[in-house]
Amino acid sequence: MDLIESYKEELKLIRKPWTRVWVGAFVLLLILLPWFGPEHFTYTATVIFIYTVGVLGQNLLIGYTGQISFGQAGFLAIGAFTFGHLSRFGVPWPLALLGAGILAGLFGILVGFPSLRLKGPYLAIATLGFGIAVYQVFVNSELLSGGRMGLSIQKIEPVFGLSRITFNYYFNFLIALFFTLATYNIISSYMGRAFIAVRDNDIAAEVIGVNLARYKLLSFAISSFYTGVQGGLYGLFMGYLEPNMFTFMESITLFVAVIIGGLASVEGSIMGAAFVILVPQVFSEYREMVPVVYGVTILIVLIFEPLGLYGRWFKMRLYFRNWPFR
Amino acid sequence: MTQFLQYVISGLATGSVYALVALGLALIYRSTRILHFGHGDVTTAGTFFAFTLLGLKAHFIIAFGAALLFGAVLAMAFYFCVLIPAQRREATQLGQIILTVGLGLILQGLVAHFGGTEPQSFPFPLSDTRIYRLGGLVVSQLSLGTFGIGLLACLLFYLLVQKTRLGLAMRATSENLPAAQTMGIPTRQILALSWGLAALLGVLAGLFLAPALLLDPFFMLEPFLKGFAAAILGGLNSLPGAIVGGLILGVSESLAGGYVSIAFKNTFAFLVIILVLMVRPEGLLGEEFIERV
């Protein structure tokens, strides 16, 4: 989309000096938010950070690799409950979070195997089946789900004398920032280019030497690692877990976030995560209308702006950059 | 042995409902290559429409007929107002599937808004508690009726597809779209009709499920997913496959619930999906995929 003249320029995270200014301003705003914004904003932003991690992972899979998945709630549940059980055994949280991600990633590889044979709609059903099977296993097994009362998780004690809400905000902000940068690195490396090649034409990709099996499975593994970590973070944030947090609707929410935010864009994933969190908050008076808003937005996005919110934003930027020419 | 037959019979009744849902999904997939993720919600909307009419003291036959028509019109309107504009803008196959997800979300929200989220019981002419005894077997009036209507609908559908000019046009359109167009078949109308028919079969299933379950905006989610499993099991491309798949799934689910564990009953269908897709993705009666490079 931008004109890129050298590989070095391609690898740059920020290409225009002005972009540097507003990205800097945006990050500064986020850092200052807990001190000046109302507590309610801080709380919402924390949830958006948590979702950003999962949406980024889902976007790597759907947007970059072109493999559809309706089973993200399954990975979310696996990540969250792994984290819950590990932290109950007294494992420190960084290791528990890593464990949640890795176990979800292993299941991702398992679910990825059908993707080697199945395409498009068939893969959608296979992953959907997985998501719901995981949910029902958790519902039916009290040992895994922690019984009727749910699984309670000990929250991290705030450090540096911060309030709990502020601490949670910075904690999740740093983790979301880490995963955002990691995603930028993945997509500008060989791996990311291989993903995009698999999406655009898998046979052509195999002909020019991309190992199809490896990169499809890798994409599933990375995506579900992200989702697993999101599950762990969510559990840590809420302080308790129950299977009903991970219904089919949760998969749809993550999916909607990717589509509305914009396929194959990191900024779009963040916008999508913000969208799916903010819409239910704005429409809190009419809770049952939230799916309608999602649905209408999907129809509008797919028919008029296939690149989603990011595409719209990108075109606006382009317009102002070239102003008064067009 | 009696117990075994009992499980088989109750499985056949639920299986015929799955078969109706699966038939609709297979019909849409065969003609437009779209997996209709909003099918369950179209069905729910139709059933709620019948419920509203019944609340206004309409006769059962009128209410049910109107509901079937309502579902069909809804699906056809979606095809004409959303899918065709999207296809004109060259939406990908994945994009079209996502559009059906969008339709499902919209309908789900609207049904919840206008119908309420409280579970309600659905008045029905056939009763769930009146039972007939055949030897040692017990059959409720409702499941007997469900099975009968399911078989009748499948039979009528078969006659429509195989014995009429309209059915010939439908088969031609799903076989080869450009060829059908050059032969002068109004393919767009035929495809819209397929969508309408599929929704009609779905609403029929919903009407017979609603008295057995309680009516709430999400009551079709599970039967819809099972219908999906049934369609996959029989082969998404094959209409007889959908019926066979539905009946097999219904019976085996009932047996699994009876002999293994009742908790296992619901998970069973999803294991079936994954297993079938791993071992034989084209399904029992489907044709094998051959892809040109």
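**Helix packing and the chain contact**

In H9(B), the residues B:Lys226, B:Ala229, B:Ala230, B:Ala231, B:Leu233 and B:Gly234 meet B:Gly241, B:Ala242, B:Val244, B:Gly245, B:Gly246, B:Ile248 and B:Leu249 of H10(B); two residues are in contact if their C-beta atoms, placed from the backbone, lie within 7 Å. Helices are DSSP runs (H or I, at least four residues) numbered from the N terminus. This is a predicted model, in which local features need pLDDT of at least 70, side-chain atom pairs count only at pLDDT 80 or more, and totals for chains, interfaces and linings use all residues. Residues are numbered from 1 along each chain as its sequence is written, and chains are lettered from A.

The axes of H9(B) and H10(B), residues 239-259, come within 7 Å and cross at roughly 120°; axes are lines fitted to C-alpha atoms over the stretch in contact, with angles from 0 to 180 degrees between N-to-C directions. H9(B) is therefore oblique to H10(B), as angles under 35 degrees count as roughly parallel, over 145 as roughly antiparallel, 65 to 115 as roughly perpendicular and the rest as oblique.

B:Ala229 also belongs to the residues with the most contacts inside the largest nonpolar core, together with B:Leu23 and B:Ile273. This core has 185 residues, being a set of buried Ala, Val, Leu, Ile, Met, Phe, Trp, Tyr and Cys residues joined through C-beta atoms within 7 Å, where buried requires 20 or more other C-beta atoms within 10 Å. B:Ile273 touches B:Ala229 and, among others, A:Ile125.

The contact between the chains takes 37 residues from chain B and 33 residues from chain A. On chain B, H4(B) gives the most, with 16 residues.

Conventions: Helix = DSSP H or I, 4+ residues; strand = E, 2+ residues; numbered from the N terminus. Buried ≥ 20, exposed ≤ 12 C-beta atoms within 10 Å, placed from the backbone. Lists of a residue's contacts leave out its neighbours within four places in sequence.
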